[in-house]
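Thanks for making the time this morning.

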Amino acid sequence: MFLEIRDLVCKAGDFSLGPVDISLERGAYLALFGPSGSGKSLFLETIAGIRKSNRGYVTVDGMECTKLPPQKRPVAMLFQDYALFPHMKVSDNIAFSLRMKGKGREEQERRVMELSRYLSIEDLLERDPDSLSGGERQRVALARAIASEPRLLLLDEPLSALDQELREDASELLKKINLLGITIIHVTHNKAEIEGIATQTLNFPPPSQF
Amino acid sequence: MPIFVLMREQTFYNKTRINFIFLGGVLLLFLIAPLTGMFLSLKAPNLFETIKDPQVTASITRTLLISFLATLICSLFALPLAYILARKNFPLKGVAEAIIDIPVVIPHSAAGIALLGFISRDSLLGSAASSMGFNLVGSPVAIGIAMAFVSIPFLINSARDGFAAVPLRLEKAAETLGATPFKIFTKITLPLAKRSVVSGMVLMFARGMSEFGAVVIVAYHPMTTPVLIFDRFNSFGLDYARPVAAVFIVVTVIIFLIMRIYQKK
């Protein structure tokens, strides 16, 4: 299995989630559907390593990640409000993870151009994030998330900040990202938005198999 | 609503406004009158003499330079502390915050006495410096220490508020994008809190260079400008102290204006 989550328990204050067990094939698109407050963001943050789990383990592509800091996990995350860095222009936002990994300027530029063409945001590269529309921000945030070629992409309510008419385009975009071979976990409270994208759907939190 | 009720409300509002303007105006006058009076009673020849007086220019340069260096050096310690206070909860955090505010509430002459004990030859720090042939008391280092002690709360508090205002999710996003905690601080948090950090540094610098009470106790000589103003007043009277005070006020007001313009930008 590409992703193995076993007996995962995470806590934030008084809130406790789990134990959660999930297995996923490479290239899958898993939609986790659950109401607000069910701990979906907490779950994604634990897989990304931003939060420590209290129990259990996470393995991505054979790599035991449970104790690894987020920087060392082959995982990227798209935040609900996209969390673009407001003091950097779009191209610097996209290249951020490459800079952090010490990639050279040429490689950064090449990758930024490649992604911006793929996601049709070539015209936005010199703009400030604050000047972008919701749909444009989402594209930039996706480009930034996949720039350093993560193997697993976590999407936290990626369509909730978009108007109805933009959602269809955005859903297509997510499929396109999935086609690159990136395994995706998409959490949402809106069942309608995952129809036609997800290869698997689970209610959240999924019942433990143990 | 009947028209007379509206009129009554209108009149009440106007009366309130007039009273508020009057009270606020009195306060502004109170602040501006002594300074204006001082500048009006200046005599041009005295002022030019003061500007050319090497003792005055040397003291202003010394004051600005020491305060600037104290601010820079203290930033190295203050910014990490401000960041921890903004981001982490830990036991006795309230105590740490109270300690930081102590220099603001104690009399600065008392702070000077405490610092004198801290740097005198009998103390650990003073004897260590003394063994290297360096007497801290009455040195520029002592001036810097006194300036830093009384002014550092301004930097820490301003920077802490700035760091706290940076959304935590941006730091989390940076973390998932491969940034180490140090990179997150230098590439995300610090640039986004730049305005508050710079304001805090300017406030610390301005407060440090204006300090008299603590500085005069740890180092009467070499004289900083506030000490020089006091010395001239004490030795020669108001007419000799006034031009030095005027020149120094102009310098501080220029710095203050630059800060205000930067903040508004």
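**From one residue to the whole model**

Let me start in chain B, where L238(B) has its place in helix 13, the helix that covers residues 238-264. Please keep in mind throughout that what we are looking at is a predicted model. Is L238(B) buried or exposed? L238(B) has 11 C-beta neighbours inside 10 Å, and because a residue with 12 or fewer is classed as exposed, L238(B) counts as exposed. As for its distance from another part of the chain, L238(B) and F149(B) are 89 residues apart in sequence, and their C-alpha atoms are separated by 30 Å.

Staying with chain B for a moment, the domain assignment divides it into domain 1, residues 1-40, and domain 2, residues 46-264, and the centres of these two domains, taken over C-alpha atoms, are separated by 37 Å.

The largest nonpolar core has 117 residues, and the members that touch the most other members are L153(A), L154(A), A146(B) and V218(B). Helix 7 of chain B, residues 140-165, supplies the largest share of this core, namely 14 residues. If we look at A146(B) in particular, and leave aside residues up to four places away in sequence, A146(B) touches G112(B), L115(B), E211(B), A214(B), V215(B) and V218(B).

Turning to chain A, we find an open sheet of five strands in the order 6-7-8-3-9, with parallel pairing. Strand 6 and strand 9 (200-203) of chain A stand at the edges with a single partner strand each, so one side of each has no neighbour in the sheet. On average, and ignoring direction, neighbouring strands here are turned by 20° against each other. Within this sheet, strand 3 (residues 29-33) and strand 8 (residues 183-188) of chain A pair in the parallel sense over five bridges, and A31(A) stands opposite H186(A) of strand 8. Helix 4 of chain A, residues 134-146, lies across strand 6 and strand 7 (152-156), running at about 170° to strand 6 of chain A.

Finally, how many residues of chain A are in contact with chain B? There are 16, and they meet 14 residues of chain B. Strand 6 (75-78) and helix 2 (90-100) of chain A each supply at least two residues of that side of chain A, and helix 2 of chain A gives the largest share, three residues. By class, the side of chain A that touches chain B has 10 nonpolar, four polar and two charged residues.

Key: Residues numbered from 1 in each chain as written. Chains lettered and ligands numbered in written order. Predicted model: local features only at pLDDT ≥ 70, side-chain atom pairs only at ≥ 80, totals over all residues. Contact = placed C-beta atoms within 7 Å. Helix = DSSP H or I, 4+ residues; strand = E, 2+ residues; numbered from the N terminus. Nonpolar A, V, L, I, M, F, W, Y, C, P; charged D, E, K, R; others polar. Core = buried A, V, L, I, M, F, W, Y, C linked by C-beta atoms within 7 Å. Buried ≥ 20, exposed ≤ 12 C-beta atoms within 10 Å, placed from the backbone. Domains from an automatic or database assignment. Pairing = 2+ DSSP bridges. Axes fitted to C-alpha atoms, helices over the stretch in contact; angles between N-to-C directions.
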